[in-house]
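Dear colleague,

Please find below the structure that I am handing over to you. My notes on what was found in it follow directly after.

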Amino acid sequence: MKKKTKESYFWTSYSDLMTSLFFIMLVLFVLIIVVLHNYNKQKTAEIEEINRQLTEQNKNLLDQKEIWDKMNELQLQFKDLQNSGTFQYLPNSQKYIAKGLTGEIFQPLSSEIKTNYKDESLKVGREIENLLQKLSQYKQFKYQLVLEGNCANSEDLRMDKDSPQWYKLSYERALALYTLWLNNGIDLRKYNTEIMICGSGLNGEDRDRQEFFNKRFVIQIIPKIRPFSNQ
């Protein structure tokens, strides 16, 4: 009887042990599945993020390529100004000067354009208008046109370069040119162009060595790139 009791106790204990081991193995199995699932989920998210970054970088590179292509096209269009004979390009400051608008364009200390310079002034305005009309096809760009008036110092450069009167006078001269254009139907703003009118007085870059010829206008057209998302 005692022997049967011992055997019964053994098999009961053995059964409990196996059940416990099975339960432990089951828990470990479930735990491994959960860990692997989370690991796979994390790695999948990392791969998706890498793919997103690569896609974004690729898009940015394509955008940059398109921008450079457009910039190269713009450079070709700007060459029309250089080849027209009306303008001279100043490479150091990347600006243009109207070659026919130098010298005694104004009476001394006056901002009124002399009659014999008005036709040349209108010719310059119409050439710029034609250029901006061509450039308006590039919808990715808008433009800023800087119209800068200059004044000439005395030949011995004795006049004060920072005297406010020269800044004021050169600004009024630039404004006089722009007003002349407007009064003759030359409206550059309609070609997606912001107009900046300013005067550098007796200062400014690339001034002519012959001081007399610094009574002139300097024109700078600056392309501005719009974000591609605005298309």
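Helices (H or I, at least four residues) and strands (E, at least two) are taken here as DSSP runs, numbered from the N terminus. On that basis, leucine 28 lies in helix H1, which covers residues 2–83. Please note that this is a predicted model, in which local features need pLDDT of at least 70 and side-chain atom pairs count only at pLDDT 80 or more, while totals for chains, interfaces and linings use all residues. Residues are numbered from 1 along each chain as its sequence is written, and side-chain values use heavy atoms, with hydrogens and water left out.

Surface of H1

Leucine 28 counts as partly exposed because its relative accessibility is 41%; buried means under 20% relative accessible area, exposed over 50%, and partly exposed in between (1.4 Å probe, protein chains only). Leu28 also belongs to a nonpolar surface patch of about 1,000 Å², whose other members include Met18, Phe23, Ile32 and Leu36. Patches are made of residues with over 30% relative accessible area and no salt bridge, with like charges joined within 9 Å and nonpolar side chains (Val, Leu, Ile, Met, Phe, Trp, Tyr) within 5 Å. The areas come from the Shrake-Rupley method with a 1.4 Å probe, and for residues only the protein chains shown count as cover.

Nonpolar core

The largest nonpolar core has 33 residues, and those with the most contacts inside it are Ile128, Leu145, Leu147 and Trp181. Strands S2 (95–98), S3 (141–149) and S5 (217–225) and helices H2 (115–135) and H3 (164–183) each give two or more residues to this core. H2 supplies the largest share, seven residues. Such a core is a set of buried Ala, Val, Leu, Ile, Met, Phe, Trp, Tyr and Cys residues joined through side-chain atoms within 4.5 Å.

Leaving aside neighbours within four places in sequence, tryptophan 181 is in contact (heavy atoms within 4.5 Å) with residues including Ser121, Val124, Ile128, Leu147 and Leu188.

One aromatic pair was counted. Phenylalanine 106 and phenylalanine 217 are arranged edge-to-face, 5.9 Å centre to centre with 75 degrees between the planes. Phenylalanine 106 is in the loop between S2 and H2 and phenylalanine 217 in strand S5, 111 residues apart, so the pair links distant parts of the chain. Both are buried. Rings of Phe, Tyr and Trp (its six-membered ring) pair if their centres lie within 6.5 Å; planes under 30 degrees apart count as stacked, over 60 as edge-to-face and the rest as tilted.

Proline 108 is also found in the loop between S2 and H2, but is exposed, with a relative accessible area of 58%. Serine 200, in the loop between strand S4 (193–199) and S5, is buried at 12%. Beyond four places in sequence, serine 200 touches Glu148, Gly149, Asn150, Tyr167 and Ser170.

Salt bridges

The structure holds four salt bridges, each a side-chain nitrogen of Lys or Arg within 4 Å of a carboxyl oxygen of Asp or Glu. One of them joins arginine 52 and glutamate 49 (2.7 Å, N to O); because these are three residues apart in helix H1, about one helical turn separates them. Another joins glutamate 172 and lysine 168 (2.6 Å, N to O), which are four residues apart in H3. Glutamate 172 is partly exposed at 26%, whereas lysine 168 is exposed at 52%. Arginine 207 and glutamate 211 also meet in a salt bridge (2.4 Å, N to O), and glutamate 211 is buried at 7% relative accessibility. Salt bridges that share partners join Glu49, Arg52 and Glu56 into one network.

With kind regards
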